[in-house]
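Subject: Structure handover

Hello,

Here is the structure for your files. My notes on it come below.

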Amino acid sequence: MPQLTWLITGCTSGLGEAFVRGIIARGDKVIATTRGDVSRISTLAEAGAKTFSLDVTAPRSEIDAVVQNILKENTIDVLVNNAGYVEAGLAEEVTYENYVNQFETNFFGVVKTTQALLPHFREKKSGTVVFLGSSGGLAGEPGAGPYCATKHALEGWNDVLRLETAHLGIRPIIFELGFFRTKIFNKDNLRFRTTNFSDNDPIRELVGGMVQQVDGNQPGDPAKAVSIMVDVVKGEGVAEGKAFPNRLPLGPDCLATLRKHRVNDLLIANEWEEVIRSTNFDP
Ligand SMILES: NC(=O)c1ccc[n+]([C@@H]2O[C@H](COP(=O)([O-])OP(=O)(O)OC[C@H]3O[C@@H](n4cnc5c(N)ncnc54)[C@H](OP(=O)(O)O)[C@@H]3O)[C@@H](O)[C@H]2O)c1
């Protein structure tokens, strides 16, 4: 495949940073972005990336202005909507404001950034939009209500975008990642701000213990995930000869979640089929 130019959000750490380094290593061009000052990602500039400041929670007009500025001197082939964080807490206890904050970054930030790029992709009749989904977008996980809700929302939006943009040569894809070892569960990044109801103490303690155990022990290697995601977008390596998928789980833990829940969905559909089919008006 010819050299591509990628635009990535949220490149200060984790998968975003791994994307930038992986893409440069493959000989493609990359525009790395970070919220705040670009000096935060100066090492990526030294590695060969162009760098811009982009906070995905900024108003749509500001995001448009950044994208227009980037497009003055660049053609973008792939947008990677990577920026995100985990707003944790029990579903009942997380405040409405914190649900909104989670959606502002993980969902509306993605919508705004993608909408800012779509006219460019429509004009050139090509473009790939990558979404960073999660096993939490396939099934709920206790203590991650806001996060799971945003990742489920991305699943639906990815499907809709595929159906609406295929005729324009635009390819959306969601990668559904299991647990990968990044800074996402670091105590500075993970938000866990709730009003605690004592009835919920046992489940809150369980979730708190799980979160502490996960940080730094995630089985997934971000560099391996990135290598596969780049292969899939470029149709090379592990993706050679395979049709472009609209979604792809990554990591054995995510595969187990996917299988368990899809099998369960089918069991319910089979057991309840007669009831499910009984709802139309009589002829
Ligand atoms: N790691 C996993 O196990 C896993 C699994 C499934 C999905 N994902 C998804 O992968 C993506 C990357 O996460 P990660 O694991 O690499 O975590 P990470 O190391 O914490 O990186 C998250 C990145 O997002 C940036 N970010 C957060 N809010 C932003 C905003 N408003 N505007 C711009 N950038 C913002 C962060 O920047 P700051 O440094 O400024 O905070 C950071 O660069 C997320 O969408 C996450 O949901 C991760």
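This is a predicted model: local features need pLDDT of at least 70, side-chain atom pairs count only at pLDDT 80 or more; totals for chains, interfaces and linings use all residues.

Residues are numbered from 1 along each chain as its sequence is written, and side-chain values use heavy atoms, with hydrogens and water left out.

The structure holds 13 salt bridges (a side-chain nitrogen of Lys or Arg within 4 Å of a carboxyl oxygen of Asp or Glu). In one of them, Asp 231 pairs with Arg 26, with the closest N and O atoms 2.7 Å apart. Asp 231 lies in helix α7 and Arg 26 in the loop between α1 and β2, so the bridge ties together parts 205 residues apart in sequence. Asp 231 is buried at 8% relative accessible area, whereas Arg 26 is partly exposed at 30% (buried is under 20%, exposed over 50%, partly exposed in between, with a 1.4 Å probe and protein chains only).

Asp 159 forms a salt bridge with Arg 247, at 3.0 Å between the closest N and O atoms. This pair links helix α5 to strand β7, 88 residues apart. Both residues also belong to a salt-bridge network with Glu 155 and Glu 176.

As for the helices, α1 and α7 pack at about 55°, with their axes 9 Å apart, and are therefore oblique to each other. The axes of α4 and α5 come within 8 Å and cross at roughly 20°, so these helices are roughly parallel. (Angles under 35 degrees count as roughly parallel, over 145 as roughly antiparallel, 65 to 115 as roughly perpendicular and the rest as oblique.)

Regards

Methods
Axes are lines fitted to C-alpha atoms, for helices over the stretch in contact, and angles run from 0 to 180 degrees between N-to-C directions. Helices (H or I, at least four residues) and strands (E, at least two) are DSSP runs, numbered from the N terminus.
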